[in-house]
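Here's a quick walk through a two-chain model, going from the contact between the chains to a couple of elements in one of them. Have the viewer open and follow along.

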Amino acid sequence: MERTFTNFLSALRGADIRVSVAETLDAMETARLMGWSDRQSLHDALAMALAKTPEEKTGFTRIFDEFFAFESFHDRRDGQETEENGQTDGGDLLTMLEAGDRAALAFAMQDAAVEVGVENIRFFTQRGLYTQRVLQQMGVEGVDAQIQAMGGQGVGGSAGQALRESRAWLFEQVRNYVEQQLSLQGAATSQELREDRLRRSRLGNLDRRDREQMRRIVEKICRRLVALHSRRRKMKNRGQLDIRRTMRRNYGNDGVLFELEWKKRKLDRPRVMAICDVSGSVASVARFLLQFLYELHELLHDIRSFAFSGYLIEVSEHFKDNIADEAADKVMQKVGYMPTDYGESLTNFRESFLADVDRNTTIIILGDARSNNTDPKAEYLKEMHERCKRLIWLNPEPPPLWGTGDSEMRRYRPYCDLLRECNTLNHLERVVNDLLETAQRAA
Amino acid sequence: MTPEQLEKLESIERVREGYADLGYICSRQIATAIYVAGHLGKPVLVEGPAGVGKTELANTTAAYLDLPLIRLQCYEGLDEAKALYEWRYAKQLLYTQILRDKLGEVLGEAQGLKESMDRLHAHADVFFSERFLAPRPLLKALREPGGAVLLIDEVDKSDHEFEAFLLEILSEFQVSIPELGTIKAGRRPVVFLTSNNTREMSDALKRRCLHLYVPFPDAPLEREIIQARIPEIPRHLKYQLVSFVQQVRELDLKKHPSVSESIDWARVLLLLHADELDADMVRQTLNVFLKFEEDIQSVDAELYGFTRQAKKADGARA
């Protein structure tokens, strides 16, 4: 039973549900308390011990249903325990196949699967291998020999045909079973591989079909960043006595200073203004940048977003009211795909929003600085740089291309506190992490 | 847990029935949670939207198990002194002053410093005793001889520091008091923590708790709840009202009507002698379960449709 249980837990981990060792122990105790007879109660109780957010609960239910899908076989198994003894050999398999005893077959298959360790399957390329192993363990050679013999004698006729069909059926069953195991156990590893690839590949090169996956990764990164950075720590600045609070606190002690109060400072989360280029030249990445901005809105308390191509507008509202994809669509509809004009956009920003920039603000600009040979108005960027605490520029192009053609990166460069290439998710994550950390240290 | 209490928790069905007798209708998940928590002695973290009866769950548990309920309301800035205990320096000081003469008597005939010390030591713990300890909810819950139900309400409103401080209590059921040492619970309290999800709780806290998510009830459950709370409600009104409220929860509102609000609404309609929903009466009483002007407007727009739908659902049943 314990083996089943650990397999179940590793399947859960594959589905992104974090299960700690302490929770494993709790879950086992819970399972012992509930017993294995009432499926629904067991599900409810385990869900409480293992899945601790609504999303995790949904994932849990899915895995639970998939994992314990063989319920009906288990029931029959209890009744048969007495007749069953030890290994199944070819002869048994033959009789079972001929008799068409599906329940017996199913559970011979499970025995064989445990014997060859199907739960170790990780990659889809291993499907064939494990299918063969399970079949062998079940003693399929005996059956094959029998089929051969029947064919050889030429008396196979309908009996041989039936046996061949049964064998094919058995093969199907075993392969299905192995695939199911793969989807449970292999999910974790292949998921990791895929995520790793996506994280490292250029945002612009990603396929449309990876979008959903991407969204999940972005969400995951952001969730982790939230967990890391949402704490607002109070820093005790030891050494500086807060006289007022000390006196107040010690009134009750007749003015005798029993307890001292030290001055405290709260560390605040940064104020961020994010400006995102959504023009044609960066169209392939714009969507992900917007996606990321959207998640940032959840992460940072005080953030305003702007999007521009030919001109600039504020888009914070869209991010607040819509879900990620819709928000990105709306923004793209409004200002997307036009020829870029950095000069005009900076002018817009300066006119309408520069007044809101103060020395606690961090400005992040996402864009390639390709301005179609219009006046880049670098002096406006300088003005922004002087007013804000930090100006961060994230450029999707690799550094050798900066300043080539109509790229104005070289002219903007002096006014950026931080200029980074940013075209994979890993880059994005690093930058945001950086941003949050320095913001905390500097505050 | 005493044998009687364990007997009350002997099966999930029994828990459900027992709670129903006390007027709390719980879903299967909730009953399972109480059953498991009672047997394993683990705290339960209850999450869910406001007004689905999270706090009430603790109240009912206290009544059902016949234990005192000790409640700690969390808020920003809550600290140990208000949650756990406070040391009464002033009282200690005052006692020392008053008892100065008595000290003289105690030490009266003692010769030399060493002997005086020894005599004083015989009374040493007098000034560091529990007399000077003002227990706050957490300590009270631990020291309750027969056990208790401890409700840590709206734990998401507290600071991170406080959350970390709770960890020792939740896993070991003990606290460390610098002046006295470690105090361990004689009998483990049944602990409920409620959260409205205004912020994510830390993994460390979640790990130590069973997690129960209480969503808005579905229609049959909500009907049962209303029936239990207001037994005299006419059947038609009950069906239509629940159907209406369920429809309202489908809308995008600032704040969805909670269970307690639909109970209130049912009371109001009963007071107005309504046997059935009708659009005008609904309009006049919308403010009972909707608390934002925008929400009232958006429901008002759907009012006739919803009322018709509610009657239809009721008619289909009949």
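Let's start where the chains meet: 21 residues of chain A and 19 residues of chain B make up the contact. Bear in mind that this is a predicted model. On the side of chain A that touches chain B, the elements giving two or more residues are α2 (21-34), α3 (39-50) and α4 (54-67) of chain A. The biggest giver there is α2(A), with 6 residues.

Now hop over to chain B and pick out helix α3, residues 28-40. Most of α3(B) is covered, with 10 of its 13 residues buried. An α-helix has 3.6 residues a turn, so residues three or four places apart point the same way. After α3(B) comes B:Gly41, with a positive phi near 65°.

Further along chain B, look for strands β6 (residues 174-177) and β7 (residues 181-184), which run antiparallel and are joined by 4 bridges. The link from β6(B) to β7(B) is a hairpin of 3 residues. To find one pairing by eye, go to B:Val175, whose bridge partner in β7(B) is B:Ile183.

Technical notes. Residues numbered from 1 in each chain as written. Chains lettered and ligands numbered in written order. Predicted model: local features only at pLDDT ≥ 70, side-chain atom pairs only at ≥ 80, totals over all residues. Pairing = 2+ DSSP bridges. Contact = placed C-beta atoms within 7 Å. Expected span 1.5 Å × (residues − 1). Buried ≥ 20, exposed ≤ 12 C-beta atoms within 10 Å, placed from the backbone.
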